[in-house]
Amino acid sequence: MKIITLHNKQKSLIKKAIDNNREAQQKLFEQHSPKMLGVCRQYVKDLHHAEDLMLQGFLKVFTNLEKFKHEGSFEGWIRRIMVNTCISYLRKKILVDLSDEDFVFNDAATESLENTSVEDIQKLIDKLPDGYKMVFNLFAIEGYKHSEIAKKLDISENTSKSQLFKARKLLQENYYKMNKTIHENK
């Protein structure tokens, strides 16, 4: 039995896709689209818009495939394109209010969600205003630092911290409301 490493197989698929091999492009799309739809869905509430953004992102992926240098993970490279596509959409299509405001950052605003389903957490995140959601996703899910978020969104670092604080506080309030409703309906 011959064993082919996944890395070499993926490298071969990428090379074929660069050469406009439609079958290779389709395989790459099928391998990565479910996860990337999830990434887009984190930023955009409406599933149809998230699907559109994912497709736009994959168009960028295939257009710029030769720029992938095999230095990091291919999935991470695609993910970055998806996140940037979503942020561009949100900045152009939706007026995001990311204003500088005084804030007091307090980690006590974060509630443990260990016993909450992924679907319920996504519903809570979906209720956030777009600006809060964008900063929350970039910080908590994508792992960006406030300085990186500030640069990416063209805001100050303090605004990023403020938006994260407000997002956490709103998530906590909505979490309490959700739990109260669940307990009242039992």
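Predicted model: local features only at pLDDT ≥ 70, side-chain atom pairs only at ≥ 80, totals over all residues.
Two packed helices are described by the angle between their axes and the distance between the axes. For helix 2 (residues 22-43) and helix 3 (residues 47-63), the angle is about 135 degrees and the axes lie 9 Å apart. Helix 2 is therefore oblique to helix 3. The crossing of helix 2 with helix 3 is right-handed. On the side of helix 2, the contact is formed by Gln25, Leu28, Phe29, His32, Ser33, Met36, Leu37, Cys40 and Arg41. Helix 3 contributes Leu47, Ala50, Glu51, Leu53, Met54, Leu55, Phe58 and Phe62. Sorted by class, the residues of this contact are 12 nonpolar, 3 polar and 2 charged.

In soluble globular proteins, nonpolar side chains tend to be buried together. The largest nonpolar core of the model has 45 residues, of which Tyr43, Phe74, Trp77, Ile78, Met82, Leu138 and Leu153 touch the most other members. Elements giving two or more residues to this core include helix 1 (6-18), helix 5 (118-126) and helix 8 (157-184). Helix 4 supplies the largest share, 10 residues.

Phe74, one of the core residues named above, touches Gln10, Ile14, Leu28, His32, Leu65 and Phe68, when residues up to four places away in sequence are not counted. Thr85 counts as buried because its relative accessibility is 2%, and the limit for buried is under 20%. With residues up to four places away in sequence again left out, Thr85 touches Leu53, Gln56, Gly57 and Lys60.

Definitions and conventions. Residues numbered from 1 in each chain as written. Heavy atoms only, no water. Buried < 20%, exposed > 50% of the residue type's maximum accessible area, 1.4 Å probe, protein only. Contact = heavy atoms within 4.5 Å. Axes fitted to C-alpha atoms, helices over the stretch in contact; angles between N-to-C directions. Helix = DSSP H or I, 4+ residues; strand = E, 2+ residues; numbered from the N terminus. Parallel < 35°, antiparallel > 145°, perpendicular 65-115°, else oblique. Left-handed = near helix turned anticlockwise from the far one by under 90°. Nonpolar A, V, L, I, M, F, W, Y, C, P; charged D, E, K, R; others polar. Core = buried A, V, L, I, M, F, W, Y, C linked by side-chain atoms within 4.5 Å.
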